[in-house]
Structure formats: structure tokens, C-alpha cells
Amino acid sequence: MADNYLERKMEEHRLNKTQRLRSSLPVKGKISFNFPPKRVIINRQDDQLTKALIKAFAEAGCKVALYIDSATDMTSAGGARVIGVTGNVHDDLANVIKSWGDVDIIISSSVSPVIHDLISEIADNRSRLPYPNDYGMRLITIDSHDNKYSEPEPGITTNHIIVPDITDQAISRKTALAALFISLPEMSGVNSSTLIIT
């Protein structure tokens, strides 16, 4: 063995320890959160914002399903499971509920007529579960004007995001991140809030 073997190994150890300490420190100008994986259904049309929502929630470790009219061309869906709308929400959600067990978050464009049916189906499924969902249920509506879901129901946190231009890629990304932020468990008491993305 070389004479300075132990000295080199000790120096490597000190260097690695210093690098590990640096990487665990917060970065100035950046905030990070722990986001427990959620089960998300997105009920929007094929647009830039829908793709940004799928990407943001999937990158956060969530299971994402896109509930859209089967005529809409979103075959890849960015890794999201695609649920075709047939007119019978119970049948449409059967496989997702069986696979996931529950749904935590619904994201919809404006006040979609199918929202009541989705909420009812998920609530009906929850009544049969042997354990309560301590996250509750979050409904996030996203629209270009203030047309929020105005019928609060027990156990459902509702939020509305107003986005003037959903075709802009940068605004779509900001909107997706805002939806992710208000989905944090710590935000569950913030009900009927409205965010405006510019």
C-alpha cells in the first residue's frame, strides 16, 4: 500500500461529507414542499393547460386520470390514464376506483355538468371504504372568467383559478403549479378561494 492511502481516504470522506451537507441545505430563492402522492382526475379538454396539469401532478408523484370525451385526441395524455366519457359516471370510474381505491382531487374546466356526478360517485365509493380519507376531497375549477363552483358540500374544499389566456405555455405552467400548491394538505382549510394567474 501507498504511504498516504489513509490520508487520501480521509480527505475523500471529508469532501463527500461536505457535499452531502451542502445538498441538504435550502437553496436561496427557492421553496420546496413534500407533496404526498394523490389520486387526481382531470376533466378538461385537450389544451396546453391540461398537458401542464398532467405533467405537474405526475412529476409530484400523483396518479393522474384524464376524464374526457373519447372523441378528443389526447391519446398519449402525457402518461395519464385516459377515461372516456360514456354518459354513465359509475361505469366510467369503475376501473379507476377499483385500481386506486379512492380519488382525492378533481380538476375541471369551469363548472362542468359532470362535476356533480363525479363528486357523488366518489362520495358513494367513500361511504363503502373501511377507513376515512383524512385528506378530504379537493375540487379545483379553472376557467378564463369567474365562474366558480358555488355549491360547497361537506368534506369538499373548493378553489377556483382564473386564467385569462390558457393558450400561453408559461401561464399554463404557472396555473398547473398553482393548482399543485393549493392541493397541499396544509391548504385544506382554504375553501372557496380564487386565484388569478397573469
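Read along the sequence, this protein runs α-β-α-β-β-α-β-α-β-β-α-β. That pattern comes from five helices and seven strands. The model is a predicted one. Of the 198 residues in the protein, 42% are buried.

**Overall picture**

- The accessible surface of the protein is about 11,600 Å². Carbon and sulfur atoms hold 53% of that surface.
- Among contacts with a separation of 6 or more, 60% are between residues 24 or more positions apart.

**The nonpolar cores**

- The largest nonpolar core is made of 30 residues. The residues with the most contacts inside this core are Ile42, Leu53, Phe57, Ile107, Ile140, Ile142 and Ile161.
- Strand 1 (39-43), strand 2 (63-68), strand 4 (105-109) and strand 5 (137-143) each give two or more residues to it, as do helix 2 (48-59) and helix 5 (169-182).

**Phe57 and its contacts**

- Phe57 belongs to the residues with the most contacts inside the largest core.
- Neighbours within four places in sequence are left aside here. Phe57 then touches Phe35, Val40, Cys62, Val64, Ile105, Ile107, Ala176, Ala179, Leu180 and Ser183.
- One of these partners, Ile107, is also listed with the most contacts inside the largest core.

**The largest pocket**

- The largest pocket holds about 270 Å³ of space.
- Its lining has 13 residues. Nearest the centre of the pocket lie Ile31, Phe33, Leu177, Leu180 and Phe181.
- The lining is made up of 10 nonpolar residues, one polar residue and two charged residues.
- Helix 2 and helix 5 each bring at least two residues to the lining. Helix 5 gives the most, with five residues.
- Leu180 links two topics: this residue is in contact with Phe57, and Leu180 is also one of the residues nearest the pocket centre.

**Asp168**

- Asp168 sits in the loop between strand 6 (156-162) and helix 5.
- Is Asp168 buried, exposed or partly exposed? Its relative accessible area is 30%, so Asp168 counts as partly exposed. Buried would need a value under 20%, and exposed a value over 50%.
- Asp168 and Gln48 are 120 residues apart along the chain. Their C-alpha atoms are separated by 7.6 Å.

Definitions and conventions
Residues numbered from 1 in each chain as written. Predicted model: local features only at pLDDT ≥ 70, side-chain atom pairs only at ≥ 80, totals over all residues. Heavy atoms only, no water. Core = buried A, V, L, I, M, F, W, Y, C linked by side-chain atoms within 4.5 Å. Buried < 20%, exposed > 50% of the residue type's maximum accessible area, 1.4 Å probe, protein only. Helix = DSSP H or I, 4+ residues; strand = E, 2+ residues; numbered from the N terminus. Contact = heavy atoms within 4.5 Å. 1 Å grid on protein atoms, 1.4 Å probe; cavity = no way out; pocket = protein on both sides within 12 Å on 5 of 7 lines; lining within 4 Å. Points joined across faces, edges and corners; volume = space filled by probe spheres on them. Nonpolar A, V, L, I, M, F, W, Y, C, P; charged D, E, K, R; others polar. Areas by Shrake-Rupley, 256 points an atom, 1.4 Å probe, with all protein chains shown as cover.
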